[in-house]
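Subject: Structure for your review

Dear colleague,

Please find below the structure that I am handing over to you.

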Amino acid sequence: MKARYYFMDNLRWVAVLLVLFYHVFYNYNAVGVFGGVGGFAPHQWQDVVCTLLNPWFMTLLFVVAGASSRYALQHRTPTEFRKERVRKLLVPSTLGLLVFGWILGSINSRGMIPNEVPLPIKWLIWAVSGTGHLWFIQDLFIFSLVLLVARKLIDAECINRWLTKLPKWGLAVIMIGYGLLLWVAAQSQIDNPSAAQGLLNLYRPVFYLASYLVGYYVFSSERVHDFLAERAVVLIVAAVVGAIGFGSEFYGKDYTSPEAVQSVWCNLYCWAMTLAMFGAFRRWANGTSPIAEYMSRSSFGVYVVHMTVCTASCVWLQTTALPTWLIYVVALVVTYVGSFAAWEILRRIPIVRYCTFGITTPKRPAK
């Protein structure tokens, strides 16, 4: 197995950049998706951006995370892996909320908490309300613990040897099977959910765990990488068909509703796009550069801080008299520039960088 799969690093940071792009449009959505700061009209053509991104980009991140976990466990003991996951995932999604995430929570809960509530209580409420997009790393932490159990029952190296010997038609069957698994797992969404069930629909543990484990056992295989790369063009065409089908059916509707995410079109599109991105990046983006290396190092930190920057800018811009198109442009610029700036500033503050990003101070070499 190679020391580094650059295309997978590139997949991760490109997906994170798409998350930033998505959240600007999400904040101004007018299709009834929970959260955000409100749209500009009952029907907005720009909401199609969210409709076309939401079904697949987080699934792709979980698949990449699963594959990356296999590579990580080849160089770490289970205990080292668990400790690293605690530091990189659990700490930012718990302590990080108290140190930085509360700012997003204060924006999300603006006008909802009575003034007479003591500030320490408000701070705790803000911290919980600031979880938002960090559901992703909370899921990842739990999935990492599940993985440590699963790998004792199913040997990844045995699966990899089997995949290496499998004929191409067999790999095609495996890929189709993954698509069917996505659709079955999507049925775990709860119709007409209560508040607690709504959180379960957000975290989608069954759906994303399936992709994480498939990433670990299947998408970490070089044979699968090459198989998808050879069919990248066909997969891109399939993804476009899926985008047209899902977009036509759910444009102008809540694309996060159980009806949408359980639909055949949504899961077909998610499946095709995940395979297409893997194949395309393996074929055409399997290299690195100084910019790509920087993005690979920074993408996690940018993900952690971006929603605070994005939401704050969107709230402020909505109070201005700028034309709608310019509001989107400014919000995108502020979100991207501000997120990288926040990451670069916060990672240099010792206690803050540990709580927010799980970054420890490097040990100095002994003299």
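Contacts between residues 24 or more positions apart make up 81% of the contacts in the chain with a separation of 6 or more. Please note that this is a predicted model.

As to secondary structure, the chain has 18 helices and zero strands. Its radius of gyration is 21 Å, close to the 21 Å that the globule rule gives for 367 residues, so the chain is as compact as a globular protein of that length. Taken along the principal axes, the box filled by the C-alpha atoms is roughly 65 × 65 × 40 Å.

Turning to burial and surface, 50% of the 367 residues count as buried. The accessible surface of the chain is about 17,500 Å², and carbon and sulfur atoms account for 69% of this area.

Helix H4, residues 78-90, packs with helix H7, residues 135-153, at an angle of about 170°, and their axes are 9 Å apart. Since an angle over 145 degrees counts as roughly antiparallel, H4 is roughly antiparallel to H7. On the H4 side, the contact is made by Pro-78, Phe-81, Arg-82, Arg-85, Val-86, Leu-89 and Leu-90. The H7 residues in this contact include Ile-137, Leu-140, Phe-141, Ser-144 and Arg-151. Sorted by class, the contact of H4 with H7 holds eleven nonpolar residues, one polar residue and three charged residues.

Yours sincerely,
A colleague

Technical notes
Residues are numbered from 1 along each chain as its sequence is written. This is a predicted model: local features need pLDDT of at least 70, side-chain atom pairs count only at pLDDT 80 or more; totals for chains, interfaces and linings use all residues. Side-chain values use heavy atoms; hydrogens and water are left out. Axes are lines fitted to C-alpha atoms, for helices over the stretch in contact, and angles run from 0 to 180 degrees between N-to-C directions. Helices (H or I, at least four residues) and strands (E, at least two) are DSSP runs, numbered from the N terminus. Angles under 35 degrees count as roughly parallel, over 145 as roughly antiparallel, 65 to 115 as roughly perpendicular and the rest as oblique. Contact means heavy atoms within 4.5 Å. Ala, Val, Leu, Ile, Met, Phe, Trp, Tyr, Cys and Pro count as nonpolar, Asp, Glu, Lys and Arg as charged, and the others, Gly among them, as polar. The radius of gyration is taken over C-alpha atoms; the globule rule is 2.2 Å times the number of residues to the power 0.38. Buried means under 20% relative accessible area, exposed over 50%, partly exposed in between (1.4 Å probe, protein chains only). Accessible areas come from the Shrake-Rupley method with a 1.4 Å probe; for residues, only the protein chains shown count as cover.
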